[in-house]
Structures are given as structure tokens and as C-alpha cells.
Amino acid sequence: MKILLGVNGVSKTVEVAPMRRLLDVLRLDLALTGTKEGCGEGECGACSVLLDGVLVNACLIPICQTDGAQIVTVEGLSNGAALSPLQRSFVSEGGAQCGICTPGMLVASHALLNQTPHPSEAQIREGLAGNLCRCTGYTKIVAAVQKAAATP
Amino acid sequence: MIASINVVIPRTKDAALATLAENAGKCTLLAGGTDLMVALEDGRFTSKLVVDLSRLTELRFVRRESDELVIGALATYTDLLRSPHVAQMAPELVLCAREVGAAAIQNRGTLAGSVANASPAGDPLPVLLARDAGIEVASVRGTRTILATQFFVGYRRTALAPDEMITAIRIPAPKVGERFYWRKVGTRRAQSIAKMVLALRATATNGTLQAIAIGVGCAGPTPLRTPKTEALVAGQRLDKMLIDEARRSLAAEVAPIDDLRSTAVYRRRVAGNVLATFLASLT
């Protein structure tokens, strides 16, 4: 099946099986390996991306549902080498340890701040409840999101 | 495996029903994918034809129709959380929708998809049972509404005919004085599959429990109502003795199993305790 989709603002055409996962198309066909695979069943959030601005797990999206859609991955959050304020606060607050959950945490935090620019701590924890950090570095991740929200 | 699955993407409900009629029993319906894609990844998915309903925008709505809350088959849990009608007419469904997975799952998963999946642990299914909701289904032969209490006919089996699909969920408006509750007990609030899940609807006036409906998940091969306990406590004086009796009765009436998530003993106790907590809140 021929799929036309926008990825981080660039138009892409792929010819793939319709039930192939968006996650695999991003990583294998488009070489965007920032998006990680953790559990592969929608539990861990490592593969979080935006689909038409909405937070989704790329492991649960068959590619046939993305025809004509706009996808944003972690690679799309920065402006080239210039990190976004959210990414900078993850760095300054120590919001990343082993790094596997970090792309998903960033995309989910980005989605949260788009919707709720000044979230409470409880709202941050609920907004990131679908993203697991096996280093259990949640406190610093929450602090990073709070700092980004406070950055003008 | 994945490469051998064909997908049909109808643009209208009528086109979807025609596809279903042609392929009755040989295709699987796809909405948000939050159950289907997990089955596919696990190798449990054997169908060769998928009908992707996600483009049927005509079925993505939440509205009030006179005395019913009507939830279109493509409405997501996020749609439910954003709907003033759901907040007004089914506050327990709001509690539930907030605990279905987490944001990314709520953005894709649909209430109708959970109904079709018919898991005995399905978070919202006890709500539909306790509310005497109707499941509106359609085929090229016409439309009918099946009561939720008659929809779940066996382990992951529903009353849907092979050529039928769910088009809407219909929940009767609250009656005066009715109170609602939903509670899932799991390892954590987000993402976890229930060890036990209950939905409750009751009316209490002047210290008497006028009526109660109890929907329970993880309590048998299907989500179920518990008529013995309902009959035992309805019409009775709502006091500590009745609450204890209700707790014991429900713990005895549910029929949970030991599995990887919990034990039958724990589930019985928790079911009784959740009911007792709700009844105490009515006094």
C-alpha cells in the first residue's frame, strides 16, 4: 500500500504492507531511530509520537491509518542541532539517565505542554503516566517539565 | 504474516456494512487499534482481512438524544473526557476513561472497541451493565439495539452476528437521585489491567436503599451483573448491618479466578469492599 505522510514537516511516500506498524516504518524505512521500541504493546510509551498533533504509541498504529497524516517524532522537536526549551531543561535537570525512555518522555511532555502550558505536578504525572522510566528517574523528569513550563 | 493481511478502508458506514456482509466471519474490524495491534504483535491475530473503520467520521460523536447519552462507535476515550454530556450524564464513565491506559491509549482507544473486544476485565463494561445501556448494532439487514446485559454471551464472545458492527452505545439518562460510582483495582492507576473492576448505580432516600445495579469485571468469563446481591439489598434500610451483608453477599456471588494478575480470594474481598465503600458514601 502506498502511504503519503508528513514526518517532522517533510513529505514522505512509502510503499509498505498496510498493517505494518508506524514504529517500524519510522525506524526501518525512514531511518528515524530516535523513536524507541520498549514493550511493543502500548504499555511503556517509549515509542510516543504525535499523529496530527495527538499523542499516540507508534507501536499500536498500523501504517494504513497514517495516510495523509502529519507525524512528529523526537527528531522533530529540535531545530536542527538547537534543542527546544523542553529538551534543554531535560539536560539541565538531569531528566535523562539510560536514555531509552527519553524520546518518548520528551514527546509526551511536548504534547502535555501543548495542551496544558502550565501544568500542576499532578497533571504532569498524569500526562506522563503512560511513559515508563526503568531507571525510575521520575522526579527529575517532572522537574524538567516544570522548568520548561516556567521558561518564557 | 503482517504482509499477508489485506486492509479495506471504507469511507462511509454503508460501505463498511457492505464490506462486512461480503466477508461475514472472515474479517476483523479495526478502530483505534489498541487491542488489535497487541494481538497482532503477540501472534494471536489470524484474520487475513482487516476492515479499518477509523475513517468513518460519521460515527465519531458524543451527543444527547432526548433521554439518552449516545456515544458513536468511533468516539475515543479522550472524546468522552472532553464531552460535557458524558460529565453530566455518566460521571462514572469519566472516572473510568481517565484510567483506561494513559493519554496515548485514551487518544486512540474507543468505547465501542472495548465493547467488541469483550474482555472480562474491560474497564468500561461494568458501567454499561450497571446503566442498562444499549449496544446499537447495524448490518445491511438493518439496525437493532442489544441490551448490554445480553451482549456478553461468553468468554470474549458477543451477541454480534458475523455481518454486524457496533454503531453506537446508548446510555439512559440518570433518574432523579441516582448516584454512580466506578472503581478499578490494579497494580497502579494508569496502564494496568484490572484485578477487579466495579460500576455501581444506586438511589437512596431517607436512609433506604431504593434500588441498586452492580456491574462487575474480572468476576467470571464475562463482565456481569450480580442479581442476588442486588435483590438482597434493594429496598432495605441502609445501615452498617446492610453494608456488611452486601459486602459478604457480593464476595460470595462473584466467581473470579486465580490468574497472573491476582487471586480469586483477593478479588472476592476487594469486590465486597468496593461495594461497601460506595454504600457507606450514600448514608
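1. In this predicted model, B:Arg170 and B:Glu68 form a salt bridge, with 2.7 Å between the closest N and O atoms. B:Arg170 sits in strand 10 (residues 165–172) of chain B and B:Glu68 in strand 5 (residues 68–72) of chain B, so the contact ties together parts 102 residues apart in sequence. B:Arg170 counts as buried because its relative accessibility of 16% falls under the 20% cut-off. B:Glu68, at a relative accessible area of 23%, is partly exposed.

2. A salt bridge also joins B:Lys184 to B:Asp123, where the closest N and O atoms are 3.1 Å apart. B:Lys184 belongs to strand 11 (residues 178–185) of chain B, and B:Asp123 to the loop between helix 7 (111–117) and helix 8 (125–130) of chain B; the pair therefore ties together parts that are 61 residues apart in sequence. Relative accessibility is 6% for B:Lys184, which counts as buried. B:Asp123 counts as buried too, at 10%.

3. B:Glu178 pairs with B:Arg201 in a salt bridge, the closest N and O atoms lying 2.8 Å apart. B:Glu178 is in strand 11 of chain B and B:Arg201 in strand 12 (residues 196–205) of chain B, so this pair ties together parts 23 residues apart in sequence. Both B:Glu178 and B:Arg201 are buried.

4. B:Glu178 and B:Arg201 are also members of a network of salt bridges. B:Asp132, B:Lys175, B:Arg225 and B:Glu230 are linked in that network with them.

5. For the model as a whole, the count over all chains comes to 25 salt bridges.

Methods. Residues numbered from 1 in each chain as written. Chains lettered and ligands numbered in written order. Predicted model: local features only at pLDDT ≥ 70, side-chain atom pairs only at ≥ 80, totals over all residues. Heavy atoms only, no water. Salt bridge = Lys/Arg side-chain N within 4 Å of Asp/Glu carboxyl O. Helix = DSSP H or I, 4+ residues; strand = E, 2+ residues; numbered from the N terminus. Buried < 20%, exposed > 50% of the residue type's maximum accessible area, 1.4 Å probe, protein only.
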